[in-house]
Amino acid sequence: MAFPSAPFALWSVSLLTVLFTAAVHSNTSFEDDPLQPMTSDETVPVGGTVTLTCRVAESDNSSLQWSNTAQQTLYFGEKRALRDNRIQLYRSTSTELSITISEVQLSDEGEYTCSIFTMPVRTARATVTVLGVPGKPQISGFEHAVKEGEKVTLTCTSTGSKPPATLHWYKGDQLLKGGPQVVETVDGNPTYNVSSELTLEVSASDDNTLITCAVNHPSLSPGDKRSEQALRVLYSPNVMIHPESTLPREGEKFSLRCVGNGNPEPTIYTWDKKDGGLPLQAKPDGAVLHFSMLNKSDNGVYVCHADNGIGSSEGEYTLLVQDEARNITDPTAMSTTSGVDHAVIGGVVAVIVFILLCLLIVLGRYLIRHKGTYLTHEAKGSDDAPDADTAIINAEGGHSGAEDKKEYFI
């Protein structure tokens, strides 16, 4: 006689569990009944792993058991009952039975039952919610560039979400308001497809601006799934004229370059001069206007017209030819030269003053060393001379041995 195999015995236990569960279902808590099992609901995205835990406060050596949504026994204590490698034992003690389910599928969603085989049988249920992960959003409706001032409508679509995902539009970092979101169910699948439209009136500044559609869903972290679309806008050129030199001088060569910033780049350039035609020596060459030799008569306002097929724009430049005879150069250089001249003059004056001071000092020292002297001779008996001349002659010749009397001027 053959005995039933272990899996058959476990299936029998599972059947008994179903019968007991149908007959007895308790919602009591740990406080009321320490043998009442406790579980918790879980949420997991498709492809993820969920852990189901069943606990009791006290143990009477009765075994805990987990059953799936079809009431098939998954684990009875430490014994595997269902041959599904995705389901593994996580922990088994006298008061706890925890299992994991990996690579979760939408079909795994439902109510799972934990039972303890006491008298009566006590049970608890845990609801597993499986989230359908939305696909990366796709943006459509912008296959070609549009002209400035026109409107463009973009559509963003994401599939496979459960519950339905929410779509958000951004222009750069700015959140935009799109149209009402459309949610569609999928036949034979509990997931949803969602779509949203965005209508924009574009301008030249929108060229190369990124439009982003981002998905918001409980299964995703912020920014996990998004798509970007760069706007391509056709716009008229913005014209500017750049001179070859900032100080055009009479008699020199000169040129003006016309730059048209547009999309596409301008292909047609025309030159004109206000209040009269172009001078004979001014030769246009596409975006450049050449002057073979500048003249005072070339002064005036020059206009460049640029056309890129989307539109035409113009720019202006006022030409003022400097007089060659006056040798007008860079004001910075003139200022520098003038500064050098003043420095030289100041140096010469300082040297002259120094020399004069030195001369005065030398002259003063000379005068001090050579002080002036003179002699007065008083002849003895000059009082007896009949006149002054005789007294002088007597003093000089007749009294040579007389003592001289000196006076010094200090």
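These points describe a predicted model.

1. Conventions. Numbering starts from 1 along each chain as its sequence is written, and side-chain values use heavy atoms, with hydrogens and water left out. In this predicted model, local features need pLDDT of at least 70 and side-chain atom pairs count only at pLDDT 80 or more, while totals for chains, interfaces and linings use all residues.

2. Overall make-up. The protein has 3 helices and 27 strands; these are DSSP runs numbered from the N terminus (helices H or I, at least four residues; strands E, at least two).

3. Burial and surface. Of the 410 residues, 32% count as buried, meaning under 20% relative accessible area with a 1.4 Å probe, protein chains only.

4. Contacts. Taking contacts (heavy atoms within 4.5 Å) between residues at least 6 apart in sequence, 63% join residues at least 24 apart.

5. Strands β3 and β4. Residues 64-67 and 73-76 pair in the antiparallel sense over 3 bridges; pairing requires at least two DSSP bridges. Trp66 has Tyr75 as its bridge partner in β4. The hairpin has 5 residues between the strands, and Gln71 takes a positive phi near 65°.

6. Strands β4 and β5. Strand β4 also pairs with β5 (residues 79-80), antiparallel, over 2 bridges. Phe76 stands opposite Lys79 in β5. Here 2 residues lie between the strands, and Gly77 has a positive phi near 65°.

Note on methods: Buried < 20%, exposed > 50% of the residue type's maximum accessible area, 1.4 Å probe, protein only.
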